[in-house]
Amino acid sequence: MSTYRLPPREIPLDDSWDVIVAGGGPAGCTAAAAAAREGAKTLLIEATGALGGMGTAGLVPAWCPFSDKQKIIYRGLAEKVFTACKEPMSHVHNAALDWVAIDPELLKRLYDDLVTEAGASVLFGTCLAAADADDAGRVSAIIVANKAGLSAYSAGVYVDCTGDADLAAWAGAPFEKGDQAGRMQPATHCFVLSNVDDFAHAHGSRMTPDHVRAINDDDRFPLVRGSHACNHLIGPATVGFNSGHLWDVDNTNPASLSRAMMNGRKFAAQFRDALAAHLPKAFGNAFLVTTGSLMGIRETRRIVGDYVLTLDDYRRRRSFPDEICRNSYWIDVHISEAEAKLHAEGKLDMAERGQPYGPGESHGIPYRCLTPKGLTNVLVAGRSISTDRMTQGSTRVMPVCLAMGEAAGVAAAFAAGNDPPDVHAIDTDRLRRRLREHGAYLP
């Protein structure tokens with residue numbers, strides 16, 4: 001590829017911030033709210049027009065489990081968001097903790113209020129474009145692009161909640177990506193059907209494994225082959241689907257993502273038609289309302305932090321002196337296209353792959369997984385924290401992202417108060433005490 005040299009120019013700089021959070025998904029929202037709650041002047045930048053990421057713009061229809069099968073373990077701001085989201089949903093039981101449906105429009109408003117009432121500022125339609133770091137690993141400014149053109153923003157500490165570790169990677173932090181060959185989990189383009197007539201219960205339609213197999217084997221619907229069919233009732237006669245796989249999608253490659261978005265829209269339409277054909281009583285009159293404006297990306301970059309959380313840590317249910325939250329979600333690494341064929345032939349045991357925990361079991365996530373090597377004033381929260389690939393399949397989901405985001409926000413505020421800010425040097429005992437004061441589950 002040829003190159004183009006930008007001519008020297010000056011752009012506006014806003015250096016009034018203590019903490020800047022890049023990315024307004026679950027981790028970014030709680031990071032911004034927590035940092036502002038600690039008194040840090042905090043800015044949250046978000047590329048889309050709504051906060052919440054996959055739970056809102058991405059249309060993921062349900063929360064992954066909030067419990068360890070005995071009690072809620074994602075507490076603090078995570079529990080606050082979860083409780084406020086489910087309370088107005090009349091078809092959801094108040095005591096439900098696992099696989100609770102999401103009303104995406106309600107959740108957008110909840111995140112707006114969470115962040116702004118804490119005192120943080122938000123810029124929508126603002127894309128992170130570059131990060132400027134010196135030889136000592138200190139980020140001095142980030143460059144953003146929006147309707148005002150290019151602008152620079154500077155803060156004492158930055159929290160990377162982009163999901164792809166964009167800020168950290170562009171600043172020079174080491175990272176890993178996918179498996180050893182660079183292959184990543186398939187993506188899923190979530191969608192919503194309305195006018196669904198015959199719904200059995202809040203978790204799903206009258207859809208059995210036999211129906212799913214029949215749909216997958218129907219030559220009239222080739223795009224649907226190999227699809228899973230997770231679905232939840234998100235409103236009256238309205239069903240959200242987290243279904244199907246799109247292979248070989250790289251969210252850090254704009255061309256790859258663009259192809260996936262187009263293919264995902266075709267998939268959603270064909271899945272609706274397949275449902276109508278095989279379950280006409282429920283879906284014969286169903287209408288495809290919308291597909292997600294965000295692609296459901298499960299993995300790209302993982303930073304290399306001061307500690308790499310491993311599958312052995314997961315298996316041993318390890319605790320850590322600097323842990324900032326607990327996690328009980330299973331190892332949910334979605335299969336490759338080749339593995340999907342083996343699974344369809346009964347040659348792959350998915351239950352063995354998942355390694356789910358028993359009641360009351362969980363593991364800790366150390367603060368050191370949020371601190372990228374080589375950068376002094378950057379934290380990472382969300383699915384790109386420092387883990388091995390298999391463990392990332394557990395730590396990537398929304399409840400744990402909410403919990404680690406809150407920890408990152410508090411830590412960022414603490415570090416921003418030091419001169420110079422150093423995220424590696426904060427007192428993790430103090431951090432844990434502060435998180436407990438706000439309701440975190442840190443046994």
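Me: How much space lies in the largest cavity?
Reply: The largest cavity holds about 80 Å³ of space. Please note that this is a predicted model.

Me: And how many cavities of 30 Å³ or more does the structure hold?
Reply: The structure holds 2 of that size. The second largest cavity has a volume of about 40 Å³.

Me: Back to the largest one. Which residues line it?
Reply: The lining of the largest cavity consists of Ile73, Tyr74, Arg75, Ile324, Cys325, Arg326, Ala403, Glu406, Leu435, Ala440 and Tyr441. By class, 8 of these are nonpolar and 3 are charged, with no polar residues.

Me: Which element supplies the largest share of that lining?
Reply: Strand β13 does, with 3 residues. Both β13 (323-327) and α12 (398-416) contribute at least two residues each.

Me: What lines the second largest cavity?
Reply: Its lining is made up of Leu59, Val60, Pro61, Ile102, Pro104, Val192, Ile234 and Gly240. This lining divides into 7 nonpolar residues and 1 polar residue, with no charged ones.

Me: New topic, the sheet with β9. In what order do its strands run?
Reply: The order is β9-β10-β8-β11, in an open sheet of 4 strands with antiparallel pairing.

Me: How many bridges join β9 to β10?
Reply: There are 6 bridges between β9 and the antiparallel strand β10 (residues 238-243). Within this region, Cys230 stands opposite Asn242 of β10.

Me: Now the aromatics. How many aromatic pairs are there?
Reply: The count comes to 13 aromatic pairs. In one of them, the ring centres of Phe66 and Phe82 are 4.0 Å apart and the planes are at 15°, so this pair is stacked.

Me: Where do Phe66 and Phe82 lie?
Reply: Phe66 is in the loop between β2 (42-45) and α2 (77-86), and Phe82 is in helix α2, so the pair ties together parts 16 residues apart in sequence.

Me: Are they buried or exposed?
Reply: Phe66 counts as buried at 0% relative accessibility, and Phe82 is buried with a relative accessible area of 1%.

Me: What about Tyr314 and Tyr357?
Reply: Tyr314 and Tyr357 form a stacked aromatic pair, 4.4 Å centre to centre with 20° between the planes. Tyr314 belongs to helix α8 (residues 311-315) and Tyr357 to the loop between α10 (350-354) and β14 (363-366), so the pair ties together parts that are 43 residues apart in sequence. Tyr314 and Tyr357 are both buried.

Me: Which residues form an aromatic cluster?
Reply: One aromatic cluster is formed by Phe191, Phe241, Phe267, Phe271 and Phe283.

Conventions. Residues are numbered from 1 along each chain as its sequence is written. This is a predicted model: local features need pLDDT of at least 70, side-chain atom pairs count only at pLDDT 80 or more; totals for chains, interfaces and linings use all residues. Side-chain values use heavy atoms; hydrogens and water are left out. Two strands pair if DSSP finds at least two bridges between them. On a 1 Å grid over the protein atoms alone, a cavity is a set of points where a 1.4 Å probe fits but cannot get out, and a pocket is an open set with protein on both sides within 12 Å along at least five of seven lines; lining residues have an atom within 4 Å of a point. Grid points are joined across faces, edges and corners, and a volume is the space filled by probe spheres set on the points. Ala, Val, Leu, Ile, Met, Phe, Trp, Tyr, Cys and Pro count as nonpolar, Asp, Glu, Lys and Arg as charged, and the others, Gly among them, as polar. Rings of Phe, Tyr and Trp (its six-membered ring) pair if their centres lie within 6.5 Å; planes under 30 degrees apart count as stacked, over 60 as edge-to-face and the rest as tilted. Buried means under 20% relative accessible area, exposed over 50%, partly exposed in between (1.4 Å probe, protein chains only).
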